[in-house]
Amino acid sequence: FGLDPTRAAPAVRALTDGIHPHLELRGVHAHLASGLDAPELLAVARSIVTWAAELGVGLFEVNVGGGMSVDYARPESRFDWAAYGEGLARLSDTYPDLTLRVEPGRALTAYCGWYATEVLDVKHSHGEEFAVVRGGTHHLRTPATKGHDQPCSVLPVDAWPHPWPRPSAAGDRVTLTGQLCTPKDVLSRHVPAPGLRAGDRVAFSLAGAYAWNISHHDFLMHPRPGFHFLNHHENGHTIGDDGEVRAARPRGDR
Ligand SMILES: Cc1ncc(COP(=O)(O)O)c(C=O)c1O
């Protein structure tokens, strides 16, 4: 999407030569990168603003886009918003008549979502242990598209209601996969999960951005996950399979 910068000059001319008086050029909107740390993203912002200023027309606004990093390998780390803000302030001082805008996506919402599922089976194949979880990359495609291991926590469940023996991991590391008929359906590789059993739950974190929305939901026509929205009082609401929004039960009524 967007416009090649080499084609900007005629577009700007068409908006500023008076032939279309009902159209007013307000500014430039750019989104050039994804997953950058603060110094890299500031360099991008500087290059956009410099380029926009060199267009030589009076601009009111420049939107330098999103692209703030989320580190899936180190989920506790955070984009350095303070350094980025200070850098933008310095940039803004250089162009005092310009309104600078940013539009972060991933780094704001990734931390707000979890994908919770359960282990259906644990099996050995070609010397590796795999746990197949209910669902997979048709719900959470992020690790498949970005090639990372989705951070996760195992929540052990003691109950095993079935009459057959409970499958469990013999080793320390287990690769967590989904149910799809493709070797690409991998959520996290070599997860330290000694003794992981069928019936245990797994909660994948950093699932609040580019997760459900970018997934191929109907691959193999498996059921869709439920969506539960919590507010900070823990009395959020739930969206049922029928799409109906219901108040979550208050605490103590579970
Ligand atoms: C135009 C535009 N702005 C902002 C964003 C947000 O980017 P990010 O999630 O990397 O912060 C996107 C993401 O694709 C985008 O297309």
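**Reading pockets, strands and a cavity**

Me: How many residues line the second largest pocket, and which lie nearest its centre?

Reply: The second largest pocket has 21 lining residues, and those nearest its centre are L3, V28, H29, A30 and W51. A pocket is an open set of points on a 1 Å grid over the protein atoms alone, with protein on both sides within 12 Å along at least five of seven lines; lining residues have an atom within 4 Å of a point. One caution: this is a predicted model, where local features need pLDDT of at least 70 and side-chain atom pairs pLDDT 80 or more, while totals for chains, interfaces and linings use all residues. Residues are numbered from 1 along each chain as its sequence is written, and side-chain values use heavy atoms, without hydrogens and water.

Me: Which elements give two or more residues to that lining, and which gives the most?

Reply: Elements are DSSP runs numbered from the N terminus: helices (H or I) of at least four residues, strands (E) of at least two. Here α1 (8-16), β1 (27-29) and α2 (38-53) each give two or more residues to the lining of the second largest pocket. Among the elements, α1 gives the most, with four residues.

Me: What is the volume of the second largest pocket, and how do its lining residues divide?

Reply: Volume is the space filled by probe spheres set on the grid points, which are joined across faces, edges and corners. For the second largest pocket that comes to about 580 Å³. Its lining has 14 nonpolar residues, five polar and two charged. (Ala, Val, Leu, Ile, Met, Phe, Trp, Tyr, Cys and Pro are nonpolar, Asp, Glu, Lys and Arg charged, the others, Gly among them, polar.)

Me: And cavities: how many are there of 30 Å³ or more?

Reply: In a cavity, a 1.4 Å probe fits but cannot get out. The count here is one cavity of 30 Å³ or more, and the largest cavity has a volume of about 30 Å³. The residues that line the largest cavity are H31, L32, A33, L41, V44, A45, V64, G66 and Y84. Helix α2 supplies the largest share of this lining, three residues. By class there are seven nonpolar residues, two polar and no charged ones.

Me: How many bridges does β4 make with β9, and how many with β5?

Reply: β4 (residues 115-125) pairs with β9 (residues 201-204) over four bridges, in the antiparallel sense. There, T117 has V202 as its bridge partner. With β5 (residues 128-133), β4 is again antiparallel, over six bridges. S125 is bridged to E128 in β5, and H124 to E129. Two residues separate these strands in the hairpin, where H126 takes a positive phi near 50 degrees.

Me: Last one. Where does E24 lie, and is E24 buried or exposed?

Reply: Buried means under 20% relative accessible area, exposed over 50%, and partly exposed in between (1.4 Å probe, protein chains only). E24 lies in the loop between α1 and β1, and counts as exposed because its relative accessibility is 54%.

Methods:
Pairing = 2+ DSSP bridges.
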